[in-house]
Amino acid sequence: MLLQQIINGIVAGSAYALFALGFTLTFGVLKIVNLTYGFYFSAGAYLALFATLHGAPITLALPFAAIAAGFIAVFLDSALLSRLRRQQAPELASLMVTLGATLFLYTGMTALIGSEIQRFPLGLIESAPFRFNGASISLTQIAIVMTAGLLAAGLIGVLRATRTGLAMRAMAENPQAGELMGIDTGAIMRRVSFLCGAIAGASGVLIGLEHNAITPYMGETMALKGFAVIILGGLGDVGGALIAGLLIGLLEALTAGYISSIYKDAVGFLLLVLTLWARPFGLFGRASVRRA
Amino acid sequence: MPAALDDFLWTYQSLIASLGVNGLLALSMYVVLAIGQLSLGQAAFMGVGAYASALLSLHTGLPFPLELAAAMLIPAAFALAIGAPTLRLSGVYLALATIGLGELLRIFLIQSDFTGGALGLSGIPAKAGFTLIYGCLAAATLALMLITRSRIGRAMEAIREDETAAAVSGVDLPRYKMTALVVSAMLAGLAGALNAHASSFIGPNDYGFDAAVTILSYALLGGVGSPFGSLAGALVLTLLPEILRPLQDFRLVVNGAIIVVAVLYMPHGLIPWRPLRIGARP
């Protein structure tokens with residue numbers, strides 16, 4: 001029983017972490033809270049659904065959905081945010097634009113394809129779970145845990161060890177100075193947007209597969225969890241997001257198992273408020289206060 | 001009252017009531033935006049006010065003004081709890097913390113039998129007439145107008161334009177921000193209570209993300225230069241779907257598009273003029 005709760009917690013936590021990786025990266029490098037991020041998650045799931053309904057195997061549908069979601073992200077980023085960047089508008093302006101765009105995209109998508117729950121075709125992926133010691137885990141769940149771990153490690157590797165990663169960190173520190181040092185900031189922004197869109201899209205496919213239920217608003221539910229994860233992990237901190245995601249997932253599973261499933265969804269939000277009270281810059285963050 | 005006017009009021013009573021309620025909501029959003037903060041908890045504050053007053057009406061015999069006071073004070077307590085940790089930080093934190101508040105409220109309302117669960121509360125006595133709704137709206141507008149024109153209003157504008165400069169000039173940032181958030185929660189709670197007692201039914205899904213963003217779109221369309229801007233935004237966005245019937249299915253799509261266009265291309269909104277300060281020469 002406890003083992004199963006822990007497995008459930010790690011799977012859910014990896015899903016939150018997977019989703020939050022791109023979210024926190026957007027904030028870390030581009031310094032904006034991009035609320036359309038949840039939409040890429042829904043879009044990824046629907047793109048993969050569309051591909052699999054037309055006969056594509058999941059091994060093809062997943063990369064297709066991720067790449068397409070990445071391009072959607074690049075397009076929306078330049079349509080919505082490049083103007084504000086040029087004007088050096090206050091950070092809340094970009095938050096508001098993406099908020100409006102989120103409402104527009106979700107309601108537009110619902111108007112076009114309806115809000116009914118849709119499912120992937122049967123037999124798309126091996127669904128019989130592996131059993132051991134009375135607990136079970138499915139292939140999709142293993143894929144989610146593996147992807148989250150590998151992706152977090154890969155992202156940290158890219159950020160620390162490559163020139164692109166160096167440029168991203170420079171932009172996170174000071175975009176103007178970065179530009180003066182010869183960094184093509186526009187190209188880096190597009191790469192970061194693409195990467196984030198692709199991560200969100202891929203996590204939408206995997207989590208859509210695991211729940212086997214796809215709705216237009218699935219990204220919004222996930223985004224609400226994502227806020228808790230990225231604040232708990234520290235805004236912009238990739239490793240922190242992984243740990244915070246796992247922590248929230250485990251606490252939710254244990255709450256559902258031992259207290260009541262009613263309070264499960266409140267866990268993330270309560271952790272968020274507690275974090276803001278006790279450690280506002282995240283579990284591992286350092287304060288960077290701007291003083292006059 | 002002439003019969004024609006009576007007919008008109010009867011036919012459009014729910015629209016007229018929601019115009020007043022949305023006006024109050026727009027003002028509550030204005031108060032926060034006017035100091036350069038963003039709260040996405042207005043819908044949740046409204047829901048807390050609505051449920052608190054409706055439960056008091058259904059289960060106790062308290063006089064209505066006391067219920068309205070409770071509908072303002074309870075959301076104010078929530079605002080204090082959310083504002084205390086977040087207002088010390090940059091504006092993003094308040095926005096992210098309040099966005100979750102609506103979702104938490106919805107989970108709680110659906111699970112709790114006391115609040116009617118997923119069915120919501122019905123049969124709330126119709127105690128809020130047009131006079132009360134528009135009286136509250138007029139009083140709130142007048143009060144905000146006077147504040148905007150006073151020393152406090154100038155401090156608020158200074159915070160919105162440049163926090164650091166305002167702080168250096170001796171503006172007590174935390175106090176202004178907290179007061180603005182609490183006042184805005186009180187206005188939203190009042191709007192919720194009036195709405196509950198005008199429409200007689202409230203449900204747990206009325207106060208979520210969509211509602212919060214819609215309230216933001218009122219204020220952004222009208223502009224936050226003066227309280228009238230936000231009021232005008234609420235007026236336009238409440239009437240538009242009524243006038244253009246085909247728009248009804250797409251009203252949220254339109255609200256979303258309006259926020260995008262307003263922030264990108266008309267940062268000062270429909271009503272860009274700012275009120276003259278008290279004592280200023282025209």
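**Contacts and fold in a predicted two-chain model**

In this predicted model, 32 residues of chain A are in contact with 36 residues of chain B, two residues being in contact if their C-beta atoms, placed from the backbone, lie within 7 Å. Helices H3 (58–87), H4 (91–113), H9 (218–233) and H11 (266–278) of chain A each give two or more residues to the side that touches chain B. Helices (H or I, at least four residues) and strands (E, at least two) are DSSP runs, numbered from the N terminus. H4(A) supplies the largest share of this side, 14 residues. By residue type, the side of chain A that touches chain B divides into 25 nonpolar, 3 polar and 4 charged. Here Ala, Val, Leu, Ile, Met, Phe, Trp, Tyr, Cys and Pro count as nonpolar, Asp, Glu, Lys and Arg as charged, and the others, Gly among them, as polar.

Residues are numbered from 1 along each chain as its sequence is written, and chains are lettered from A and ligands numbered from 1 in the order in which they are written. Because the model is predicted, local features need pLDDT of at least 70 and side-chain atom pairs count only at pLDDT 80 or more, while totals for chains, interfaces and linings use all residues.

Chain B contains 12 helices and 2 strands, and its pattern along the sequence is α-α-α-α-α-β-α-α-α-α-β-α-α-α. The radius of gyration of chain B, 19 Å, is close to the 19 Å that the globule rule gives for 282 residues, so chain B is as compact as a globular protein of that length. This radius is taken over C-alpha atoms, and the rule is 2.2 Å times the number of residues to the power 0.38. Along the principal axes, the C-alpha atoms of chain B fill a box of roughly 55 × 45 × 35 Å. Among contacts in chain B between residues at least 6 apart in sequence, 80% join residues at least 24 apart.

Of the 282 residues in chain B, 50% are buried; a residue is buried if 20 or more other C-beta atoms lie within 10 Å of its own, exposed if 12 or fewer, and partly exposed in between.

Beyond its neighbours within four places in sequence, B:Leu25 is in contact with residues including B:Gln42, B:Met46 and B:Tyr218.

A:Asn212 is found in the loop between H8 (185–211) and H9 of chain A, and B:Ser200 in the loop between H9 (173–199) and E2 (201–202) of chain B. A:Asn212 is partly exposed, with 15 other C-beta atoms within 10 Å; B:Ser200 is partly exposed, also with 15.
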